[in-house]
Amino acid sequence: MLLIQCPFCGERDLTEFSHGGEAHITRPANPDKISDEEWGDYIFFRTNPKGIQYERWIHSHGCRRWFNAVRDTVSDEFLGFYKSGEQPPKIKRRKVLRK
Amino acid sequence: MSQSRRLVKGGRIDRDKPLSFVFNGKTYQGYEGDTLASALIANDVRVVARSFKYHRPRGVFSAGSDEPNAIVQLEEGAATQPDTLATCIELYDNLSATSQNCWPSVEFDINEINSVFMRLMPAGFYYKTFMWPAKLWMWYEGIIRKAAGMGLAPKHPDPDRYEAIHTHCDVLVVGGGPAGLAAALAAGRTGARVILADAQCEPGGDLLAETDELEIAGEAASNWVSKTLAELRDMPEVRILERTTITGYYDYNWLTALQKVTDHMGPDKGGNLPRQRFIKIRARQVVLATGAIERPLVFAENDRPGVMMASAVRTYINRYGVLPGRSMVVFTNNDTAYQTAIDAVRLGAQVTVVDARPAPQGDVVTRAEALGIQIMDRSVITNLHGRMGVKCVTVQHLGEDGTTLLGKPIPFSCDLVAMSGGWNPTVHLFSQSGGKLRWDDDKTMFVPLAGPAINPSRSVGCCNGTMDLPGCLAEGLAAGSKAAKDAGFGTGRAPKAIKATARPEAPLRPLWEVSCHGHKSRFHDFQNDSKVSDLELASLEGMVSVEHTKRYTATGMGTDQGKTSNVNALAIMARIQGREIPAVGTTTFRPPYTPVSFGAITGQDRRELFEQVRTTAMQPWHVANGAVFEDVGDWKRPRYFPQGSEDMHAAVLRECKATRDSVGIVDASTLGKIDIQGPDAAKFLEMIYTNAWAKLGVGRCRYGVMLSEHGMIFDDGVTTRLSDNHYHMTTTTGGAARVMGWLEEWLQTEWPEMEVYCTSVTEQWSVASISGPKARDLLAGLTDIDLDPEAFPFMAVREGSFAGVPARIFRISFTGEVAYEINVPTCYGLHMWETLMEHGKAHDICVYGTETLHVLRAEKGFIIVGQDTDGTCTPMDVGMDWIVSKKKADFIGKRSFTRSDTAREGRKQLVGLFTDDPSFVLPEGAHIVDTATPKPPLRALGHVTSSYMSPNVTGPDGVNGDKGRSIAMALLQDGRNRMGDTLYVALMDGRVKTVTVTDPVFFDKEGERTHG
């Protein structure tokens, strides 16, 4: 059961949250001006890293605010939480215990 | 004789409180403080169960949750519990238990015939034997389940109450043995919030099985335990959870525990307390002090009743005052079993020690010899006699290679074999936490290596491979202090060391399997009847991976999770494969550590507390008037209102007809309603919906469709402009929460600069929708709003009063009739409804439910999102090109319309279907094909999405009338180019129905009735 630090409410159980996929994917400003490939990239393709991922969460059974987190997808370790619109924290490359 | 094996004194039982209990129909006596196992041993009941596969007689084996044999069915009727461990059942008065997996009785079991044919039933037996013919598998399975099953599941609902709760602490100490007590003490003294969880009825761990010779802090160990518990109980921040097993260790130090609150009292004796509590604990720091489990020795016929673990024998002697055998052979490869020999001899037992080690030396050996115990060194048991209980063992010398047997076999008469093959640290929870193990060659055991950062824990004492008492105490104190410091309490310095009796141990001699003569059964997994020969066969048949071998031989897959069998099996596999033990690898330990009843996990979340039920303000009226309900999301919605003996079909035909003839009324309160306000509200809706919103006049309504970015419809509804910057949006009933989340997501993450506020108001408003030719007449007498079609046109809203209460009335229609959706604050909902029903009598009002609602809208070809669409439908696919703005530069999903797949010809499109047989209603989901004689393989051209009997539609053959005529909507490949085509619908039962493709609008195509 992940323990998540909502930037607005504090530490809460995973069950109060919903995962929103990879963060920092901006909707293209002029969809009509971009190619099918670029549009397809926006709606379908995600990085899915083994390691550090910047991702979105929403405190759906709490304050209902969206925010961002940095998580190591191998160890499930959270390396930081920040509000939407804030700069992501810099994460150094690090060795993690592989499961 | 009653309790013939009970010692005259000693033990932690209360001899002033005798209890009587029934096992397999026979009444016995025991004492408070006994377990069912100790009481059975006291009464010399040797055969307690039959084994899983071969139905071999089995007796009590251990004294704890590692028990693989003594598994019983506890109590009868609704309160019965299968697969309970006799070693973990605290005795209570009038307890009743029976043996499992035997018929007609545990003494004489027909299926023991399996044992005779044992060589014909090797590993993988089921897979090999029962493969063919496939049709008979169900029959085979029935026989196998009966023969190989465990206990019987109760047939009645569980009568007990359970609680599932959450709790938090700074330091969770798992296990109340010496290391755990020391850790709790050190952590507790810092003021940290500490939970000490211990599985037994009293903490103390193995110290409870000790004699007073063992000293801690200058006094008998049991005194130290009492004093330590007293000190802990005085600490306000320390909680001691007795009878509580930590069953699972999950991410971020989230652990689950099962507390057996009243199990020890017996059924119905717990008063207001729950039977069990499932506790979900979030701990900042964890100290694991889970101890170690003694390893069995794998020798010939080692599963016979009377073969027990040496430490268990000692527990029965010292803790329960029971001597399990008077003539005992202690079979060991290490020092610890000598304590059992010493304690037994002192109580008058005859003891011989068979030690695999050559010339064992050391303090404990010397003490044993001083008591006159015969020690046979470099010796092993090579055979054992006594089907229903040990009678005799054969002992032989063991060569230096560890396998060769030397010299003459020597027989020993005995009634008990106490064995010890060393110890396995109980690393289950550590492993569950993601921790890695290391093989310690000196100690001959797996010990914790490193745990993951997200689960800060410390293993102390025996579960860390530290087997001596002073070491356990020291580790406990140090870990308790450090854990508290890491949680923000104290300095991290351990309290003063606690002195304790040291018992130096000589090294053991690894002995993973004991050679024997001929084909003898040597069990490594008792619960699953898995033998050395099964592991050898698995290897021969190509199983290399430990995970494959485990599944093929069922090793470690019982309710005991291989507590006694896993390491022995790994070592034997290593020998077979010619590898070192760590090279074979370990299996993954999975929760739960001990079985957990579903009732405990469920806790209070059952029946009406399991899932929330939402009802509208009009629910009492619906119930009183005989509504038949259906679930829509969490809502209970009336499906239809049968009159007299009507079935659904008759009721729906009547309701449909009445609505088009006079006026119908439906409770529409469940529709999702979202209040949208803010200066950017119009701009926001322009992006959310496909059509234009900026110029919608105040007081006007518009239907809208929402798309995902893929261009696919995901919800629809009517939104109304109440003022310049204020909108009232409606959504589908089931989609309300999803739409609310969708709006919030875009506003928060993509367009935070937009000033728009969304509020769910679904439950603020009660809604009655009246429609039909007499709807206006009905409403006229009840409101001050001008209903003249000029003043209050279609797709408009008016505010005013209705039956004396404030109301918003929307003139919108889902039936194609003149219709009004009357919204009043929910507190007036029932008043509004009753007023309409009362005044409606004069207008032949007819109440209807969701079924009629669906028929009426299908007659008009209106889609239901999620029924007629499935997440792959664009507005164009469902014939709603008109709702897509050609002028707007952008809206969500627009760009995807020009993707090649979305723009291609021949996509599945919404059409109507008329069956040739007007009385046959197609099943929804049925596939449309282009041949009257379908044979696989066959491509489906589409499927039926909605299908009803309609009393209002006239078919191409001119058929309609009171019995109705079948209509259907369907998604059909290239559907709009197939208008008028004849196609076929293939049914599950093999029948094929002929259909004609038509426009999906079946009734009043021009919409004259709506605008009337």
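In the predicted model, chain B has an average pLDDT of 94, and 96% of its residues score at least 70. For the complex, the predictor reports an ipTM of 0.95 and a pTM of 0.91. Where pLDDT is low, the predicted coordinates should not be read in detail.

Chain A consists of one helix and six strands. Read from the N terminus, its elements follow the order β-β-β-α-β-β-β. Along the principal axes, the C-alpha atoms of chain A occupy a box of roughly 45 × 35 × 25 Å. The interface between the chains involves 22 residues of chain B and 20 residues of chain A. On the side of chain B that touches chain A, helix 20 (residues 736-750) of chain B supplies the largest share, with five residues. Divided by class, this side of chain B holds nine charged, eight nonpolar and five polar residues.

Two open sheets of chain B were examined. One is built from five strands in the order 2-1-7-5-6, and its pairing is mixed. Strand 2 (26-32) and strand 6 (81-85) of chain B lie at the edges of this sheet, each pairing on one side only. From one strand to the next, the twist averages 40°. Within the sheet, strand 5 (residues 71-74) of chain B is joined to strand 7 (residues 95-99) of chain B by three bridges in the antiparallel sense. In this pair, Val72(B) is placed opposite Ser99(B) of strand 7 of chain B. The loop between strand 6 and strand 7 of chain B contains Asn94(B). Asn94(B) is a residue other than glycine with a positive phi, near 65°. Most residues other than glycine have a negative phi.

The other open sheet of chain B also has five strands, arranged in the order 17-24-18-19-20 with parallel pairing. Its edge strands are strand 17 (307-309) and strand 20 (374-376) of chain B, each of which pairs on one side only. The average twist from one strand to the next is 25°. Strand 19 (residues 350-355) of chain B runs parallel to strand 20 of chain B, and three bridges connect them. Across this pairing, Thr352(B) faces Gln374(B) in strand 20 of chain B. Strands of a sheet pair through backbone hydrogen bonds, either parallel or antiparallel.

A hairpin is formed by strand 26 and strand 27 of chain B, with four residues between the strands. Strand 26 (residues 436-440) and strand 27 (residues 445-450) of chain B are antiparallel and share five bridges. Lys436(B) has Ala450(B), in strand 27 of chain B, as its bridge partner. Thr444(B), in the turn of the hairpin, has a positive phi of about 55°.

Two helix pairs of chain B were also described. Helix 5 of chain B contributes Leu181(B), Ala184(B), Leu185(B) and Gly188(B) to the contact, while helix 6 of chain B contributes Val225(B), Thr228(B), Glu231(B) and Leu232(B). The contact of these helices of chain B comprises five nonpolar, two polar and one charged residues.

In the second pair, the axes of helix 12 (residues 532-540) and helix 13 (residues 546-553) of chain B also come within 10 Å, with a crossing angle of roughly 125°. Helix 12 of chain B is therefore oblique to helix 13 of chain B. The crossing of helix 12 and helix 13 of chain B is right-handed. Asp534(B), Leu535(B) and Ala538(B) of helix 12 of chain B are in contact with Thr549(B), Tyr552(B) and Thr553(B) of helix 13 of chain B. By class, the residues of this contact are three nonpolar, two polar and one charged.

Two cis peptide bonds were noted, both in chain B. The bond joining Pro591(B) and Pro592(B) is cis, with omega about 0°. Pro592(B) is located in the loop between helix 15 (581-584) and helix 16 (598-602) of chain B. A cis bond also runs from Pro936(B) to Pro937(B), with omega near -5°. The loop between strand 45 (927-929) and strand 46 (942-950) of chain B holds Pro937(B). Most peptide bonds are trans.

Definitions and conventions. Residues numbered from 1 in each chain as written. Chains lettered and ligands numbered in written order. Predicted model: local features only at pLDDT ≥ 70, side-chain atom pairs only at ≥ 80, totals over all residues. Axes fitted to C-alpha atoms, helices over the stretch in contact; angles between N-to-C directions. Parallel < 35°, antiparallel > 145°, perpendicular 65-115°, else oblique. Left-handed = near helix turned anticlockwise from the far one by under 90°. Contact = placed C-beta atoms within 7 Å. Nonpolar A, V, L, I, M, F, W, Y, C, P; charged D, E, K, R; others polar. Pairing = 2+ DSSP bridges. pLDDT = per-residue confidence, 0-100.
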